[in-house]
Amino acid sequence: RKELAKGSPLSWQETKQKASHVRKHGLKQFINIYNKTKDTRSPALKWGDEIEYMIIALDQSAKTAHVSLRSNEILESLQREEIENPETARFLWRPEYGAYMVEGTPGKPYSGVLKDLLTVEPCMIQRRKEIQKYLKSNEIAVTLTSYPRLACPFFSEPPLPQESSSSKSTFFPDMAINHMYPRYRAITFNTRERRGDDYHIRIPVMKDQLTRNSITEVFEFEEEEVEETLTESIPNFVCYDSVDGMGYCCLQVTFQAFNMDEARTLYDQLAPICPILLALTAASPVHRGFLTGTDCRWNIISQCVDCRTKEERGLEPLSRDRFIIPKSRYDSISAYISNEGSRYVKLLILMYNDVPVVLNDHYLLELLEAGVEEPIARHIAHLFVRDPLVLFSEKVDQEDEKEIDHFDNIQSTNWQTVRLKLPLPDTDVGWRVEFRPCEVQITDFENAAFVCFIALLTRIILSYKLNFLIPISKVDENMKRSQEKDAIKNCKFYFNSNPFDSDSDEVTEMTINEIINGKDGYFSGLIPLVESFLNATEIEAETHQRLHDYLRLISGRASGELQTAASWIRSFVRSHPSYKFDSQVTEEITYDLITAINQLEQGTRKEPLLYGY
Ligand code: ADP
Ligand code: MG
Ligand code: MG
Ligand code: MG
Ligand code: MG
């Protein structure tokens, strides 16, 4: 498995020299997998979630809550069950970017939606308990999308000096990056090297009553920035200067499809849903110790891992064999890939692919000649404009008939909102689609609610043959809006208001409330659609009741009756007795916030505004 790989990464210079080699063989590997698996059918619905956790060390007397850099020690204990008994392991644990993060999934995928929906939340609760077993008495595991003081001085336990690092980051020391798995540091270093010029990632500070006009603490490492800020007299920005953004946590769900066509339908239909779910799960308003003008992690990560060179970003003339690449490798998808339905529907899909998709023409030709269907060939030729970011010396030479690492290398570093996962040859793992935009929620109740809601959405999309497609440019615009502060309250989103008609092109701007709960005379609403699906299906009363609780949560978030985690965190900070209305989220506020979050997770604190009870 790729995440378990502990090889020796080549230097960036060597990796760069081998980039064409990796792509060439990655493409051959793709063609082999495709030819072996394109007709794979998977009658069993399997699916599963991934949750990323942060380990936090609390110091009660100093009132500090710092990220604890012990995830590898903890991971070793967590993985013992899988190593001893891979067949019966209850959970699978994987490393993540931060040395304070771990990722957990169910040991086996869930099977059949309605049957297994009620096992999702207990599985999450058990996973959290499992981590807790291996924590020190002062440590807790939280599902928090962004640690509020990430990359602030001494944000970790043990504290680290803010000195030179792989990313040349002045804020994020190397030791906070997972060092047992060299892949992560190599990604950091190589992203920086590949890009060539400096990062200027600016997250606007949320202006509060007493926020100073120039926040010098943030800029003290970068004198130029201060000057620029003053001369342009733009509002304050919090800066990141490297790949630090990979240290955020998220919630993902993967669904197996019946066959390739169904996977492509799900891929396309879920893409316009991504910004809506991103806004509903918004959970990260504090960055580098400041309340900011954004509610989500997505764009920050997107900028942090943006390895495009100046010429690829269109800032310098292009040399031969290079492309202008409009998007970061971490971004919303670039094109729809399904190819079903009437000629009219096919034309509509072409029309909706209205943003430039950069492709490698040679690869496109090779894929088409090998018999790969055009939209899939275009999809792969698009993913393959990227260089590999990391290459292990042990993996350079591969037998393309048997191995898939070069393909995986490119595929797994295209971090888009949805991902088409290929079947694994010679296994029963079929065509899958991964839904990737959601921010992780504070409690298992909420995480289960969103995971079950997304699972039910996939069922109504397929059963009712819904069509949510809108132009990709509108999905991109929705992605921007979805991350704004209080997007649910303040923004409208492009939406296909007539999803029952496969060739409908009625794109309307609606609020999230209208999209989720319905708009009289226009659109019945996603939750009423899910409800009617549930009513038409035989399910046990207990299951129905719990699902009803989940849907009520999401309905309440959409209507504004309940708060998103992002707006709850904002109001927690702003009503903290020591908050100075200067946008600063101090060590003490962070300590109290994380303590409160832990109490919510443990069920010892109630927040009716977040959950409705
Ligand atoms: P990645 O990190 O590559 O996205 P993970 O293995 O971490 O993948 O998570 C994949 C998720 O998909 C897990 O929840 C897992 O239970 C689930 N899963 C595993 N096998 C299948 C399958 N055949 N079909 C659908 N989902 C699966
Ligand atoms: Mg992963
Ligand atoms: Mg994973
Ligand atoms: Mg992960
Ligand atoms: Mg994943």
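A polar contact here is a pair of N or O atoms within 3.5 Å; within protein, one must be able to donate a hydrogen and the other to accept it, and residues adjacent in sequence count only if both atoms are side-chain atoms. Keep in mind that this is a predicted model, where local features need pLDDT of at least 70, side-chain atom pairs count only at pLDDT 80 or more, and totals for chains, interfaces and linings use all residues. Residues are numbered from 1 along each chain as its sequence is written, chains are lettered from A and ligands numbered from 1 in the order in which they are written, and side-chain values use heavy atoms, with hydrogens and water left out.

**Stop 1: ligand 1**

Select ligand 1 and Glu50: a polar atom in the Glu50 side chain sits 2.9 Å from a ligand oxygen. Then bring in Gln256, with a polar side-chain atom 2.8 Å from a nitrogen of ligand 1. On its own, ligand 1 exposes 580 Å², and the protein buries 86% of that (Shrake-Rupley areas, 1.4 Å probe).

Now show the shell, meaning residues with a heavy atom within 4 Å of the ligand. There are 18 residues around ligand 1, and Gly48, Asp49, Glu50, Gln256 and Lys421 come nearest. By class, the shell has four nonpolar, four polar and ten charged residues (Ala, Val, Leu, Ile, Met, Phe, Trp, Tyr, Cys and Pro are nonpolar; Asp, Glu, Lys and Arg charged; the others, Gly among them, polar).

Switch to cartoon. Strands E1 (46–59), E4 (101–106), E10 (251–256) and E16 (432–435) each give at least two residues to this shell, and E1 gives the most, with five. Strands (E, at least two residues) and helices (H or I, at least four) are DSSP runs numbered from the N terminus.

**Stop 2**

Gln252 in strand E10 and Glu434 in strand E16 link distant parts of the chain, 182 residues apart.

Gln252 counts as buried because its relative accessibility is 8%, and Glu434 is buried at 2% (buried is under 20%, exposed over 50%, partly exposed in between; 1.4 Å probe, protein chains only). Finally, select ligand 2, another magnesium ion, 4.4 Å from ligand 5.

Note on methods. Donors are N, O and S atoms within 2.8 Å of the metal (3.2 Å for Na, K and Ca); water is not among the atoms, so sites may look incomplete.
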